[in-house]
Amino acid sequence: MAPNCGHLVAFLLVFLTVVSSGSAWVGVNWGTMATHQLPPEKVVRMLKENGFTKLKLFEADELIMAALMGTGIEVMVAIPNNLLDKISNSPKAADSWVNDNVTSYLFTGGVKIKYVAVGNEPFLKAYNGTFAKKMLPALTNIQRSLNNARLGSKVKVTVPFNADIYYSPDSNPVPSAGDFRPEVRDLTIEIIQFLYSYNAPFTVNIYPFLSLYGNEDFPFDFAFFDGSSKPLRDGKALYTNVFDANLDTLLWALDKAGYPDMKVIIGEIGWPTDGDKNANAKNAKRFNMGLLKHALSGKGTPKRKGTVDLFLFSLIDENTKSVAPGNFERHWGIFEFDGKPKYELDLTGQHKEKGLIPVEGIKYLEKRWCILDPDVTNLDDLADSIDYACTLSDCTSLGYGSTCNNMSPQGNASYAFNMYYQVNNQKDWDCDFSGLAVITRKDPSQNGCQFPVMIARSSSLLRHGGLFDILKKAVGAYIFVKILL
């Protein structure tokens, strides 16, 4: 009997190891706030080639959803905050949204929609309670619509919350003192109760980078997973990084609310590569490599062991995002605006120096740049021209601590003029600026500051038959849904 028991134990150990590793996953957020979009079918191909199996979208963009058909990539699709009022007040509006953005795509060979994110960070302090009372009615209406569509057990609702929804008091700043913010505590617990009743997860966005950005005294290494900062002690628990401390603050808050076993997903986490002195590719690689190794190891946090499910933020840089929080907001991508990877990243968490596969087949505008005319002598309008160019393009790389921060005033002007010129697709009249600018075919990039050439606006759907394929899939989806009805 002893040998057989030994074999059984060995089998169980192997089985549990396979199950544990198989359940761990890393997804990515795909935002689309950019002047020039990469062709969705090419981006989806890149996602598959790099092994991404989970994707989070901030809205159900039709071209992206069409490109995802038949890929098997699991999707969390979001309802934007500007629709919450309508959906919270109208079950019919909820029915319409679910029909257009879930049911229409959820068929054999369609899009594998797993979650519907209702809003995004609705209790953020900066919103001053704008969406607070809309959340539970919106959740209820969407869940009812999913149930009516016979998808209630297949597609789960969730709410991506910002980490500012919970806190530890200044008098006892440790995770075990964590609780939800008093002004939204009752509403938050009502939402948690609703999610829990449907076996749906709590989703939270955590940004260790912001701990550094918002506090000059914050210990630098504590933002990473391989640092040597003095650990934080909380009773018997020892914290060596701010991510674990942040997540456990939430877990303690959930515990106090009566939901110690609530499933938690990290909806957004990442590190920007420009727009601040701490935002660069070196730090981003260090953070994300450490994060994936830690999250997928199964060690978990001091309060909860196991793997951590997460969506990296983000896939591609977005040059029209609001910079109100900081210039770094346009530089969260692990890929550049043109789909080139910024640094090596091992998505398996094994810490290997493994390159990411770029988006292939991208076409660019001509190799032309707009710069300050070196022969111009009257610079009276220069400041106003730079301000105009930057207001209507993206000059965040010129800010303090950024990659283009060390150029001369002439270099700054040239960078601003070129960004405006590229964003407007290199039209000749967009490189004038009261006679201050001139077009050149010599790359003006300097001192680590890249003067980009913009990607060409995509007509790849027509050239490669993609539009026909999308229409064919869409018609197939419509017929399939009609048959079901």
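Me: Why is E268 called buried?
Reply: In this predicted model, E268 has a relative accessible area of 5%. Buried means under 20%, so E268 is classed as buried. The residue is found in strand β12.

Me: Which residues does E268 touch, leaving aside those up to four places away in sequence?
Reply: E268 touches several residues, among them N29, K56, F58, N120 and Y207. The list also includes F311 and F313. Contact here means heavy atoms within 4.5 Å.

Me: What makes the pair E183 and R181 a salt bridge?
Reply: The side chains of E183 and R181 meet at 2.7 Å, N to O. The limit is 4 Å between a side-chain nitrogen of Lys or Arg and a carboxyl oxygen of Asp or Glu, so the pair qualifies as a salt bridge. D164, R181 and E183 are linked in a network of salt bridges.

Me: Is R181 buried or exposed, and how do you know?
Reply: R181 has a relative accessible area of 7%. That value falls under 20%, so R181 is buried. E183, with 54%, is over 50% and therefore exposed.

Me: How do you know that E216 forms a salt bridge with K277?
Reply: The closest N and O atoms of E216 and K277 are 3.1 Å apart. This lies within 4 Å, so the pair counts as a salt bridge. The pair links distant parts of the chain, 61 residues apart. E216 is in the loop between α8 and β10, and K277 is in the loop between β12 and α10.

Me: Why is K277 called partly exposed?
Reply: K277 has a relative accessible area of 38%.

Me: What makes the pair R368 and D428 a salt bridge?
Reply: The side chains of R368 and D428 meet at 3.7 Å, N to O. The cut-off is 4 Å, so the pair is a salt bridge. R368 lies in the loop between β13 and β14, D428 in the loop between α12 and β15, and the two are 60 residues apart. With a relative accessible area of 14%, R368 is buried, whereas D428 is partly exposed at 48%.

Me: How many salt bridges does the count come to by this rule?
Reply: The count comes to 17 salt bridges.

Me: Why is D384 called exposed?
Reply: D384 has a relative accessible area of 59%. Exposed means over 50%, so D384 is exposed. D384 is found in helix α11, and D380, D381, D384 and D387 gather in a patch of negative charge on the surface.

Me: What sets the phi of N199 and of F433 apart?
Reply: Phi of N199 is near 55°, a positive value in a residue other than glycine. F433 has a positive phi of about 50°, although F433 is not a glycine.

Me: Are N199 and F433 buried or exposed, and why?
Reply: N199, in the loop between α7 and β9, has 64% relative accessibility, which is over 50%, so N199 counts as exposed. F433, in the loop between α12 and β15, has 10%, which is under 20%, so F433 counts as buried.

Definitions and conventions. Residues numbered from 1 in each chain as written. Predicted model: local features only at pLDDT ≥ 70, side-chain atom pairs only at ≥ 80, totals over all residues. Heavy atoms only, no water. Patch = residues over 30% accessible without salt bridge, like charges linked within 9 Å, V, L, I, M, F, W, Y side chains within 5 Å. Areas by Shrake-Rupley, 256 points an atom, 1.4 Å probe, with all protein chains shown as cover. Lys, Arg positive; Asp, Glu negative; His and termini not counted. Charge placed at Lys NZ, Arg CZ, Asp CG, Glu CD. Helix = DSSP H or I, 4+ residues; strand = E, 2+ residues; numbered from the N terminus. Buried < 20%, exposed > 50% of the residue type's maximum accessible area, 1.4 Å probe, protein only.
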